[in-house]
Amino acid sequence: MSAINAALRPFFDLLLYPLREAPAIVGVTLFSLLFGIVALWLVKLTSNPAKVDAAKRKVAAGLLEIRLFNDNLRIIFRAVGSILRHQAAYTGHLLVPLALMILVFLPMLAQLEFHWGRQGLAAGDSVVFKVVLEEGWESRLPTDGGEGTPRPDLALEVPDGLSLASPPVWSPAEREMAWQMQADAEGAYEVGVRLGDTTHVKTVGVTDSIRRVSPERLAASFTNQLLYPAEPSLPRDSGIEKIGLTYPTRDVWFFGWHTHWIIVVLILSIVFALILRGPMGVTI
Amino acid sequence: MKHRSKIPAALLSICLSAGLAVTGAAQAAEGRVIVLGFDGMDYTFAREMMAAGEMPNFERLIEGGGLGQPLGTSVPPLSPVAWSTFTTGMDPSGHGIFDFIHRDPETLFPYLSTSAPEEPGRTITIGKYQFVLGGGGYELLRQGTPFWEVLEERGVETTVIRMPANFPPSGSASRELSGMGTPDVLGSYGTFTFYSSDIFLEERTLAGGEVKPLDLWTGVAEGTLTGPDNPMLVKRSKLTRDFTLYVDDREDVAKLVVGDTERVLRAGEWTEWIDVEFEVMPPVFGLVPLAPNLTAMARFYLRQVRPEVELYVSPLNFDPERGDLPISFPEEFAAELAEISGRFYTQGMPEDTQALKGKILTPGEFLQQAKIAGLEVEAQYLPVLERYTDGLLFYYFGNMDLVSHMMWHSMDGEHPAFEEERWGPYRGVVRELYLTADRIVGQTLDAIDDDATLIVMSDHGFASWRRTFSVNAWLRDNGYLTLKNPDKKNPSILTDVDWSRTRAYGIGLNGLYINERGREGKGIVDPAKKEALVEEIRQKLLAEVDPKTGERAITKVYVTARDFDPGPYLAIGPDMVIGYAKGTRGESDSALGEINPDVYTDNVDDWGADHGMDHETVPGIFFSNRPLRREVTKLKDLAAAILGEFEVDGFPVAAGMN
């Protein structure tokens, strides 16, 4: 998964580069068209149109039966049973293309979420930057040896363009060190998280363009890599559960409605698929 | 983190741009007038600073033949009254605002004079939940025709920002943002909350605030924010939202978590606006919401983390970007202003004077808070000014008034509350307020063309408030008000007065009412004998001498039926308005009907300056960059003079005509 993400990140960065200054709805619409075409192509490739068509006809026949014999309860029940049975068959005929769609689209959607789902910090914004350690960190990581509750030997290396607006707050209950961080100027930054002798890096994006931003860099796991592909995972033995900051969410304008981009993609993909199924000769 | 939307601010820009004549106007008028309203700017003090060369922009304003004179204020000289008089060109009898506080004549229960919550509509009840069908909201109680309405009828674009006593907005300007009188989420004029981990600190309710515990355990402090009643529940229950503070055990710093928002704070630091979301109804299966949550916003101030954790939370304000309360007209105007210069206090009087009065904030902390509130208003002004090109722009600055209330007496070494250590460091604060006003005037002069008229005005002046007069105690001592039990402590006119033997009572800062038969619920004074009683009380009040100072305590007593213009709202006001001598003011609790033990007391309150006195002693200011077509000597003249600049007559509009 790490290797796939490592390839997909620059690919999507490149693909979306021309759209970085355009409203998000432009890219969302283009990708919806692409998703619609790919979905139809997958259906065409992996489903049996005759069986799909037959199942659809049976469902339609059941509906017609109910309409014609609406005074006969026995026929209505039989028709409802038939509709349910053939609807299940219809879904079954499309299971393979659906499974393929999930396989193809999920990594793409996960990548796009970090372009369209969030926006970069603005110069002047102030956010909490935090490092959460894994459970049992005390036995595996160096402590700073200071007074009070034991705390990790943890410090930030902040590049120009960012600054720390507070000393860290150490929360033993949360195993978390948190700073208030100020975005002073636009740029793509890497903050160094020094833990003992090792330094890990976390990206911070200060931009008003549509760029990939990563709210969290997480410990290595398949799920984390699947759902948070915007940055490489932390090494398995780092002792860090996550390094993160909060980016503002971004809603997409859609005919006067401001909503999450994925809802727009869902609607537009279906619309494009319905429009293109005829020209592409696909039965759905 | 707050969601940042990219709604273009173009609408505001378009709205404020020139040439958008209102269609259907009977007779088009033209002109460019900017009015800056500095609440509580004192003429004498301003002139002294000008004479010392400290207000060069005010000098610049009048040097080309402009005007600079005192402006006679309203009777009584209280902000809601004065601004309503300015708005309508009428006495309180014409606009219906006689004080901050009015009373229901039947029950004598006091209520806020400028707006009132409306009853909710019909409800559908399902189990413990209720669904309200319409209704609710607020009603503007200020009557009369606002001067901008007349301009709009003549096709003049008007923008009216934060006009006091204009909540909900009248809806008659092209754009309005409500100001003084706008409530917080709790429906009050501002209720702060102070949290402390000190186990000996008593949980209590103060005037304008609450003190609550903070549960601290191994570096984690937890508290609960209290919102309004849950509108969805049949049984009354407050909405709540928990928050957590993670306190560092070495540095004076903590992390605050409220809902999805996190903020690391140093001790002594204020946050920006933070969303406080109250769940009105849990979503079905945890997913499907049946009712929108109520989202307020607050600023948090981490006062200290050691030895005890102390956190101040500002009153919960409505978010101008959400439009949950009609604070602007059109409704989206508030959101557009927030888009341009950031979210802002929407409660009408944002400077937290009550927290200073309650000794929750120190004078220095109060000033920090007041500065934040003042800067928000100032930051919003410049973009509005940049976009203004034509018509009328009125912009209100309230910071000077509320800070002066708390800081003016730092210049008065004779004030009973003055202590050098506490107030000495703040001797220059009022001066700084006037410097700020001067800077704003300078920015405006730089931005406008020669043909525009700039008016700088205030509703009243200011004076140190040293002595307090309790009108209800005076009425009691002079036999006009009788208690059921004279030995009862802290009696109130609401519960402890023998109305069968009471002829007069006080409600509001300056109001005195006759207990008139047929008007008051338990009235005993024959209406035919009322005039004689009024005159008798008036003479006695005018003869009052403060035993400590040996000077008259009251220099004017206005009989409203005789001294005010006739008007349709005369009946809701008091029978007499007391004009206290400069330096004396009505007792605060007496305004809500309390009957103090003593008539006279020293004012040892941090609210050490005021203007609720003889109106001739606290004039406001009137400056303009050119002579106006119509003469202005008092506040009541000003609106007609502004209309005169557009060559519009017929103001004030006869009361009762709107």
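**Figure 1. Helix H4 of chain B is mostly covered.** In this predicted model, ten of the ten residues of helix H4 (residues 79–88) of chain B are buried. A residue is termed buried if 20 or more other C-beta atoms lie within 10 Å of its own, exposed if 12 or fewer do, and partly exposed in between, with C-beta atoms placed from the backbone. Helices (H or I, at least four residues) and strands (E, at least two) are DSSP runs, numbered from the N terminus. Among the buried residues of H4(B) are B:Trp83 and B:Phe86. The buried residues pack against helix H5 (92–95), helix H6 (147–153), strand E9 (158–163), helix H10 (399–407) and helix H16 (635–645) of chain B. Contact here requires the C-beta atoms of two residues, placed from the backbone, to lie within 7 Å. After H4(B) comes B:Gly89, with a positive phi near 70 degrees.

Residues are numbered from 1 along each chain as its sequence is written, while chains are lettered from A and ligands numbered from 1 in the order in which they are written. Because the model is predicted, local features need pLDDT of at least 70 and side-chain atom pairs count only at pLDDT 80 or more, whereas totals for chains, interfaces and linings use all residues.

Figure 2. B:Pro330 belongs to the loop between strand E25 (328–329) and helix H7 (333–341) of chain B. B:Pro652 lies in the segment after H16 of chain B.

**Figure 3. A:Arg175 has a positive phi in a loop of chain A.** Although A:Arg175 is not a glycine, its phi is about 55 degrees. The loop that holds A:Arg175 runs between strand E4 (169–171) and strand E5 (176–183) of chain A. Is A:Arg175 buried or exposed? A:Arg175 counts as buried because 20 C-beta neighbours lie inside 10 Å.

**Figure 4. A:Phe255 has a positive phi and is exposed.** The phi of A:Phe255, a residue other than glycine, is near 50 degrees. A:Phe255 is placed in the loop between strand E10 (252–254) and strand E11 (257–259) of chain A. A:Phe255 counts as exposed because 6 other C-beta atoms lie within 10 Å. Across chain A, 32% of the 284 residues count as buried.
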